[in-house]
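Subject: Structure for you to look at

Hello,

Here is the structure I said I would pass on. Please open it first, then read the notes below it.

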Amino acid sequence: WYNLSDKDNRPTPDLARHPFNRNHRFFESSGPGGTRTPRPASTTDAPSGEGQHLEIDKKDIVQYAHNGYTYCMLLAGGSEGNAFEHETLISGGGDGTVKIWSLDEVDGAISELKTLESGDDSVLALVLDDTLLYSGRLGGDINVWDLETYQLVRRIESGTADVLTLCVGHGSLFSGNADGVVNVREKLPPSTIWTLVDCYSNSHPDTSACMNGVHTST
């Protein structure tokens, strides 16, 4: 994490020490005869000279927060109709877990509060609706968690392609899958049963779906 209010008071990062410019101890070590394989010329990963470079301090990094990649995060809390009284961070990882973190009000430091576990499939997307948390997973399932009890209350099958993005609004749940399909489900109150009402297919089935939800009157 990084406190953007301090960005003008922090020292300018040394781009010569950027990971892109560092030599890897194994892959770029000297081979037989002391020779090294030249690094291929590429500018795609090099740090750009535009904008302001920010460097996160080591003390502001939690190592191995998940046993795998951290695929998604969202901030919750601090408002009415929410499961958390204070601002809270929720993360989904390649280890199949959803983790809930408290945020320090002074420096933003995170501390683990709870781990939600349900199988090993990676958690790729998260969305919060009141006290219900929806997690999209590798393989097409969507898990529904009750954050008041931290219990898994339902598992929704959303095809076999990975669920890459989720959105809720106006009583509907939208899920975008890796096969380019967007499923629209409506909730049957007062339960957590969702009924498929629409399905939209991308003209390019190999294209990953991406959605961004905005509440409007339509």
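Is Lys 59 buried or exposed? Lys 59 is exposed, with a relative accessible area of 64%. Please keep in mind that this is a predicted model.

My notes are about charged side chains. Side chains of opposite charge can pair when their charged atoms come close. The structure holds 4 salt bridges, and three of them are described here.

Lys 59 pairs with Asp 60 in a salt bridge, at 3.3 Å from N to O. Asp 60 is buried, with a relative accessible area of 10%.

Lys 7 and Asp 8 make another salt bridge, and their closest N and O atoms are 3.5 Å apart. Lys 7 is partly exposed at 29% relative accessible area, whereas Asp 8 is exposed at 61%.

A further salt bridge joins Asp 141 to Arg 155, with 3.9 Å between the closest N and O atoms. This pair links distant parts of the chain, 14 residues apart: Asp 141 belongs to strand S7 (residues 141–146) and Arg 155 to strand S8 (residues 151–157). Asp 141 is partly exposed, with a relative accessible area of 22%, and Arg 155 is partly exposed too, at 43%.

Then there is Arg 185, which sits in strand S11 (residues 181–188). Arg 185 is buried but has no salt bridge. Which side chain of opposite charge is nearest to Arg 185? That is Glu 157, 8.0 Å away. The backbone oxygen of Glu 157, however, lies 2.9 Å from a polar atom of the Arg 185 side chain.

Regards

Terms used. Residues are numbered from 1 along each chain as its sequence is written. This is a predicted model: local features need pLDDT of at least 70, side-chain atom pairs count only at pLDDT 80 or more; totals for chains, interfaces and linings use all residues. Side-chain values use heavy atoms; hydrogens and water are left out. Helices (H or I, at least four residues) and strands (E, at least two) are DSSP runs, numbered from the N terminus. Buried means under 20% relative accessible area, exposed over 50%, partly exposed in between (1.4 Å probe, protein chains only). Lys and Arg count as positive and Asp and Glu as negative; His and the chain ends are not counted. A polar contact is a pair of N or O atoms within 3.5 Å; within protein, one must be able to donate a hydrogen and the other to accept it, and residues adjacent in sequence count only if both atoms are side-chain atoms.
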